[in-house]
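Hello,

Here is the structure I promised to pass on to you. Please open it beside this message and read along.

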Amino acid sequence: MAGLNVIMMGPPGAGKGTQATRFARERALLKISTGDILREAIREQNPIALDAKARMDRGGLVDDETMIAIVRERLLRPDAAPGFVLDGFPRTVTQARALDQIIGERDNGPLVIVDVVVPEEELVRRLAGRRICSKCGVNADPFGGGSECIKCGGELVQRVDDNKDIVLERLKVYTRATRPVLEYYRERPTFRVVNGAQAPERVAHELDTMIDDAVNVGAAILRTGQ
Ligand code: ADP
Ligand code: ZN
């Protein structure tokens with residue numbers, strides 16, 4: 001069976017991480033979130049990640065070379081063979097080109113790209129209210145209201161880069177570096193757009209339908225060898 005390969009695109013706060021996690025779980029795919037990988041590596045005091053931390057805290061991007069190496073290593077692992085869901089990568093056109101090359105080496109199924117679209121005022125509002133666990137890093141339920149992590153009991157805190165000024169910087173970086181990635185993909189027959197400003201279950205339902213449709217389209221193109 002051909003792999004199911006999905007990229008979840010969208011600005012910070014669009015909810016792509018939540019949707020990527022759910023979709024990967026339901027379809028038993030490997031989820032690769034580059035933000036989570038970096039934060040985890042920082043907790044483990046990995047020297048390269050500690051180097052990247054200053055840039056992350058300011059809302060900037062980590063260098064392409066480091067990010068491409070991380071993603072390449074994960075995608076070529078055997079547990080990525082059934083497919084993957086990428087969250088947070090590619091964030092630059094250089095990363096997108098490198099990803100095309102890695103996908104070519106894997107030679108396993110079409111690549112589906114979904115753009116989760118949310119208006120900027122809504123993004124700022126969501127990020128201001130977001131809390132994560134200080135111990136295990138998991139996102140808290142935005143409607144939960146508790147002060148402790150439901151997974152490990154750790155204290156819920158604001159992510160350093162969810163501070164108002166840093167959020168505005170991240171949105172600027174998104175527009176400058178990552179919007180061009182959407183243009184890089186937009187003309188592909190497997191590119192889809194979903195309205196992320198709806199209830200999460202609604203977004204989930206639309207995503208499921210459009211990803212299945214795009215996979216069929218992409219698989220047909222691969223079969224006929226165009
Ligand atoms: P967001 O909530 O903005 O989607 P993430 O958790 O995906 O945040 O990423 C947090 C930070 O990690 C980014 O602001 C950036 O500094 C760094 N980062 C994550 N993925 C990448 C990437 N592909 N390229 C460069 N930097 C990245
Ligand atoms: Zn926790």
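Predicted model: local features only at pLDDT ≥ 70, side-chain atom pairs only at ≥ 80, totals over all residues.

Residues are numbered from 1 along each chain as written, chains are lettered from A and ligands numbered from 1 in written order, and side-chain values use heavy atoms, without hydrogens and water.

Back to the zinc ion (ligand 2): its protein donors are the SG atoms of Cys133, Cys136, Cys149 and Cys152, at 2.3 to 2.4 Å. Donors here are N, O and S atoms within 2.8 Å of the metal (3.2 Å for Na, K and Ca), and sites may look incomplete because water is not among the atoms. Along the chain, the spacing of these donors reads C-x2-C-x12-C-x2-C. Cys149 is buried at 6% relative accessible area, whereas Cys152, at 35%, is partly exposed (buried is under 20%, exposed over 50%, partly exposed in between, with a 1.4 Å probe and protein chains only).

Now find strand β4, residues 111–117 (strands are DSSP runs of E, at least two residues, numbered from the N terminus). Six of its seven residues are buried. β4 pairs with β1 (residues 4–9) in the parallel sense over five bridges (pairing takes at least two DSSP bridges), and Met9 has Asp115 as its bridge partner. Five bridges also join β4 to β7 (residues 191–195), again parallel, with Val114 opposite Arg192.

Enjoy exploring!

Definitions and conventions. Helix = DSSP H or I, 4+ residues; strand = E, 2+ residues; numbered from the N terminus.
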